[in-house]
Amino acid sequence: MARMKFVCDAERCIECNGCVTACKNEHEVPWGVNRRRVVTLNDGVPGEKSISVACMHCSDAPCMAVCPVNCFYRTDEGVVLHDKDVCIGCGYCSYACPFGAPQFPSQGTFGVRGKMDKCTFCAGGPEANGSQAEFEKYGRNRLAEGKLPVCAEMCSTKALIAGDGDVVADIFRNRVLKRGKGAEVWGWGTAYGSKQAGQPGVVAPEGAKS
Amino acid sequence: MKHVLWMIALAALVSACGEKPQTLGTGKQDAAPYEGTGKAFAAGGWKQGDKAGWESQLKARTQQGQNDYGRMN
């Protein structure tokens, strides 16, 4: 199996925030933490574009590189996860992440920064699959249930696609060929490598500009 | 001489007191997702613990659920 990837199709995203709501509900994410959010460029201007943003589970994740306590790890499926029992909430990862994925819950009277929270690709964390401990720390482990991330499965226009990188790229490529436009895959090159970024390896979907 | 020996013995005795391991990083092992949750609440089409079955089921689910061209056109 290839590694898991996200693609957000800016031609299709209608800024409904269904993905954001689905994620918050599925994982019971606390107030003030948004594992996923929708960003609109040129809001209100004809031709505005929206994209759904979360952790992209980068091939060469900068958060992993800068973490002083080495709490991150990558699964065999390419999902970047972290151990909340090790995280010290320093916030280095949030400065390093190009997508603004790491979130920090404000706890206590003085808003002390808590342990980092981010999208898990609905793959839980380093606790027993499907356990209560895993749910409370990381949310539901849908991958272990044979399902895909809820944000993508709930997307009404299928703008957000998640799954095996090869399958996802095929779906997107077919779409671009059928409609004849909208080949830009926002964040693909940054997350999964491109010649532009000087990272050989993962190739963007055919005809895509990142 | 006796004094020095006492000091060495004392140092050896207290050297390990209160020392906790300071290993960096996560020591936990995350179970692979294809191993499943052990609960019945899971998608059909694969058997928990079957890696190949899990992979093919997920690929089929991606196509079925997210490729609308495959369904409509």
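How many residue pairs are in polar contact between chain B and chain A, counting pairs with both residues at pLDDT 80 or more? The legends below start with confidence and reach the answer at the interface.

**Figure 1. Confidence across this predicted model.** Local features need pLDDT of at least 70 and side-chain atom pairs count only at pLDDT 80 or more, while totals for chains, interfaces and linings use all residues. Residues are numbered from 1 along each chain as its sequence is written, chains are lettered from A in the order in which they are written, and side-chain values use heavy atoms, with hydrogens and water left out. The model scores ipTM 0.85 and pTM 0.84. Chain A has a mean pLDDT (the predictor's confidence in each residue, from 0 to 100) of 89, and chain B has a mean of 84. In each of the two chains, 90% of residues reach 70 or more.

Figure 2. Helices (H or I, at least four residues) and strands (E, at least two) are DSSP runs, numbered from the N terminus. In chain A, helix α1 (residues 18-27) is highest at a mean of 97, and strand β6 (residues 106-107) is lowest at 74. Residues 196-200 of chain A stay under 50, and the model gives them six contacts beyond four places in sequence; a contact means heavy atoms within 4.5 Å.

**Figure 3. Where chain B meets chain A.** Here 43 residues from chain A and 28 residues from chain B make up the contact. About 3000 Å² is buried between the chains, with 55% of that area from carbon and sulfur atoms; buried area is the accessible area (1.4 Å probe) that two parts lose on being put together, summed over both. B:Asp30, B:Gln66 and B:Tyr69 supply 23% of what chain B buries against chain A, more than any other three residues.

**Figure 4. Polar and charged links across the interface.** To return to the opening question, 11 residue pairs are in polar contact between chain B and chain A, both residues being at pLDDT 80 or more. Such a contact is a pair of N or O atoms within 3.5 Å; within protein, one must be able to donate a hydrogen and the other to accept it, and residues adjacent in sequence count only if both atoms are side-chain atoms. Two salt bridges also join the chains, each a side-chain nitrogen of Lys or Arg within 4 Å of a carboxyl oxygen of Asp or Glu. B:Arg61 forms a salt bridge with A:Glu153, with the closest N and O atoms 2.7 Å apart. On the side of chain B that touches chain A, α2(B) gives the largest share, 10 residues.

**Figure 5. A salt bridge inside chain A.** A:Lys137 and A:Asp85 meet through their side chains at 2.9 Å, N to O. A:Lys137 lies in helix α4 (residues 132-138) and A:Asp85 in the loop between β5 (80-82) and α3 of chain A, so the pair ties together parts 52 residues apart in sequence.
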